Amino acid sequence: MSVAVQIMDAIRHGKGNASKKDIQEATGIAWGTMCKGVDALLGGGYVFARREKAQGRGRPVIPLCVNSDAAYYVGLDIGAGFTRTVVCNLAFNTIYMNEVETPHYHGKEPFMAFLFDTVDTALRESRIERERLDGIGISVSGNVDFEDGVIVSGRNFGLPWNENVPVAAVLGDRYGVGVYAVTTQAAAPAAEYHFGTMAGCRNLLTLGFGVGIGSGVVSEGQLLISRPGRPVGHIGHMLISDNKRVCVCGFRGCLEAYSGGNSLVQVAHERFPARTDFTDARAIDLAAGAGDADARSILDTAAVYNAAGIASMIQLYVPDAIIFGGGQCREDGYLYRRTLEEIRNILPRERLENIKVSITTLGKYQSALGAARLAYEKFFGETK
Ligand SMILES: [Zn+2]
């Protein structure tokens, strides 16, 4: 992260009371460099100093505050079912949030028209001045070339492999700001690392159980970002012994091919064709919670598979915290509870005791918030 972003974070965390000494302690940036950075931010109007009377002898402490209205960021999360939008101010308070259904992909033009409409609506309804918009972040349930800002594919909403939609270039032209696009696998952990209950935890694993199954990793404070065709830290396509099902990626036996929301419904229809009430993953989960034996047999298998995937992720990345999210994760949900039980059957107790496990408190706007944050890191750092 740039010096400017590190200083801004320290000032934001100080909640209006951060002195230069606090900033240096928090960031470890050399004093001279830090002072120059603070001066540049003061000069640009991104932070301001609260003048306070000297207490006793010595120089007065001057607390610094973020000027929250100085810049805004739009975060867009294009998911399989819904597209969620947030607008954040410079203090990273969310001043606008909205969700609409993601339309099935029918070509670049209607897709871009949908994105224009979504961003236009966010800018209009949040009433921010256009010149204060500093960047747009996009999170996509799919493959994204983050260096060129191109969506390579998004199969869950019908965007085929190698369609290569240049979202950063097209949106950048229209709105006159930098646009940064990543896969949801990066946006979700970015949000948790900066804004979640385990913010600052340097080894963090996020798990998203919804239509697809995703994961994200912060390892030693570094966010892992997948490239198209080169996914890193991706639980959904881990191979699970005994799983015979063919995945959308073409492999046989991926976790997502069994436990993804749509896959669970397919499994239910194949095994129990008479059960027309198993319409979606939630219906199956609720039935299982109420004691339904058919639903339980499906989800018990899913829980074993989920746990195998999660245990492997724990072996690979040794997280200190695991944050669950996605439509399939509810504190009292049958599959969620059974998955945790199966994890306990695999891991030695002392390994699990050191990992904090929870469901995200950021809710369904987690990835939109992460996308806004990543755009801020990229563009605030470049220009200030
Ligand atoms: Zn797969």
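## Domains and basis of the model

The domain assignment divides the protein chain into domain 1 (3-66), domain 2 (72-189 + 365-383) and domain 3 (199-361); such bounds come from an automatic or database domain assignment. Between the C-alpha centres of domain 1 and domain 3 the distance is 43 Å.

The model is predicted: local features need pLDDT of at least 70, side-chain atom pairs count only at pLDDT 80 or more, and totals for chains, interfaces and linings use all residues. Residues are numbered from 1 along each chain as its sequence is written, and side-chain values use heavy atoms, with hydrogens and water left out.

## Enclosed cavities

A search of the whole structure finds 2 cavities of 30 Å³ or more. On a 1 Å grid over the protein atoms alone, a cavity is a set of points where a 1.4 Å probe fits but cannot get out, and lining residues have an atom within 4 Å of a point. Grid points are joined across faces, edges and corners, and a volume is the space filled by probe spheres set on the points.

The largest cavity has a volume of about 50 Å³. Its lining consists of Phe209, Asn306, Phe324, Gln328, Cys329, Leu335, Tyr336 and Thr339. Helix H11 (residues 334-346) gives the largest share of this lining, 3 residues; helices (H or I, at least four residues) and strands (E, at least two) are DSSP runs, numbered from the N terminus. By class, the lining has 5 nonpolar, 3 polar and no charged residues, where Ala, Val, Leu, Ile, Met, Phe, Trp, Tyr, Cys and Pro count as nonpolar, Asp, Glu, Lys and Arg as charged, and the others, Gly among them, as polar.

The second largest cavity holds about 30 Å³ of space and is lined by Asn203, Leu204, Leu205, Val217, Val218, Ser219, Tyr317 and Pro319. Strand S10 (204-209) and strand S11 (213-219) each supply at least two residues of this lining, and the largest share, 3 residues, comes from S11. The lining divides into 6 nonpolar, 2 polar and no charged residues.

## An open pocket

A pocket is an open set of points with protein on both sides within 12 Å along at least five of seven lines. The second largest pocket has a volume of about 790 Å³. Of the 22 residues that line this pocket, the closest to its centre are Met1, Tyr193, His194, Gly221 and Glu377. The elements that give two or more residues to the lining are helix H1 (3-13), helix H2 (20-27), helix H6 (184-195), strand S12 (222-223) and helix H13 (366-383). The lining comprises 11 nonpolar, 7 polar and 4 charged residues.

## Aromatic contacts

Rings of Phe, Tyr and Trp (its six-membered ring) pair if their centres lie within 6.5 Å; planes under 30 degrees apart count as stacked, over 60 as edge-to-face and the rest as tilted. The count comes to 12 aromatic pairs. Phe111 and Phe157 form a stacked pair, at 6.0 Å centre to centre and 15° between the planes. This pair links distant parts of the chain, 46 residues apart, with Phe111 in helix H4 (residues 108-126) and Phe157 in the loop between strand S8 (150-153) and helix H5 (167-175). Both Phe111 and Phe157 are buried, a term for under 20% relative accessible area.

Tyr258 and Tyr305 form an edge-to-face pair, at 4.9 Å centre to centre and 75° between the planes. Tyr258 counts as buried because its relative accessibility is 6%, and Tyr305 is buried with a relative accessible area of 10%. Ring pairs also link Tyr46, Tyr73, Phe92, Phe195, Tyr376 and Phe380 into a cluster.

Key. Buried < 20%, exposed > 50% of the residue type's maximum accessible area, 1.4 Å probe, protein only.
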